[in-house]
Amino acid sequence: MKVQSNMVRKNTSTSSRRNKPAVNSNPCEASVFAEALGRLGGDEELLRELAAILLDDVPPLVEGIQNSIAAGDFDEAHRDAHALKGLVVTFDERGCGLLISELMAALKDNDEHEVHRLCHTCVESVQTLQSHCERLLSR
């Protein structure tokens, strides 16, 4: 009986490893998704669902932030930045999430120069994350 239960465990772990390469096949993406998977308890299905949500919800938020900043409405830009941060921190809290936090602080301080600088950097970072999510979902 003991031998059989060990074989079942061994086969189960091998099966689990076969499902993971889709996320870890690119070393650059692996580090982003490894952290995200850790936050999600290793649930790849949930990771994919959140990636799909991110891809749907991010573009209008980014556009809203940019339009609000252009119009000088830093309060509205801050609200959209807060929502954007909520979407990205699951995937990248120390990179993209931190940049958005800095943007939010600059928006609160009405620091126009810093807002414009950080907005550009945040958009680039979010676009990179979107690309990683698109590749994840294409597998």
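Predicted model: local features only at pLDDT ≥ 70, side-chain atom pairs only at ≥ 80, totals over all residues.
Read from the N terminus on, the elements follow the order α-α-α-α-α-α-α. Of the 139 residues in the protein chain, 35% are buried.

Helix H4 covers residues 44-70 and helix H5 covers residues 74-92, and their axes come within 9 Å of each other. The two axes cross at roughly 160 degrees. Because angles over 145 degrees count as roughly antiparallel, H4 is roughly antiparallel to H5. The handedness of this crossing is left-handed. The residues of the contact of H4 with H5 comprise 18 nonpolar, three polar and three charged ones. A residue of helix H4 that can be picked out is Asn67. With a relative accessibility of 47%, Asn67 counts as partly exposed. The C-alpha atoms of Asn67 and Ala77 are 8.0 Å apart in space, and the two residues are 10 apart in sequence.

The second pair is formed by helix H6 (residues 96-108) and helix H7 (residues 112-137), which pack with their axes 9 Å apart. The angle between H6 and H7 is about 155 degrees, and these helices are therefore roughly antiparallel to each other. Here, too, the handedness can be stated: H6 passes H7 in a left-handed crossing. Within helix H6 sits Leu103, a residue that is buried, with a relative accessible area of 2%. Leu103 and Leu118 are separated by 15 residues in sequence, while their C-alpha atoms are 5.6 Å apart in space.

The loop between H6 and H7 has a feature of its own. Asn110 is found in this loop, and its backbone has a positive phi of about 55 degrees although the residue is not a glycine. In terms of solvent accessibility, Asn110 is exposed, with a relative accessible area of 53%.

Aromatic contacts come next. A search of the whole structure finds one aromatic pair. The partners are Phe33 and Phe91, whose ring centres are 6.2 Å apart and whose planes stand at 80 degrees, so the pair is edge-to-face. The cut-off behind this assignment is that planes over 60 degrees apart count as edge-to-face. Phe33 lies in helix H3 (residues 27-39) and Phe91 in helix H5, so the pair ties together parts that are 58 residues apart in sequence.

Gly38 and Phe91 are 53 residues apart in sequence, and the distance between their C-alpha atoms is 10.0 Å.

The cysteines complete the picture. A disulfide is a covalent bond between the sulfur atoms of two cysteines. The structure holds zero disulfides. For Cys96, the closest cysteine sulfur is in Cys122, at a distance of 6.5 Å, which is too far for a bond. The reasoning rests on the cut-off for a disulfide, which calls for cysteine sulfur atoms within 2.5 Å. Cys96 has a relative accessibility of 0% and therefore counts as buried. Cys133 is likewise in no disulfide, and the nearest cysteine sulfur, belonging to Cys96, is 9.9 Å away. Cys133 is buried, with a relative accessible area of 0%.

An edge-to-face pair of Phe33 and Phe91 links helix H3 with helix H5.

Notes:
Residues numbered from 1 in each chain as written. Heavy atoms only, no water. Axes fitted to C-alpha atoms, helices over the stretch in contact; angles between N-to-C directions. Helix = DSSP H or I, 4+ residues; strand = E, 2+ residues; numbered from the N terminus. Parallel < 35°, antiparallel > 145°, perpendicular 65-115°, else oblique. Left-handed = near helix turned anticlockwise from the far one by under 90°. Nonpolar A, V, L, I, M, F, W, Y, C, P; charged D, E, K, R; others polar. Phe/Tyr/Trp six-rings, centres within 6.5 Å; stacked < 30°, edge-to-face > 60°. Buried < 20%, exposed > 50% of the residue type's maximum accessible area, 1.4 Å probe, protein only.
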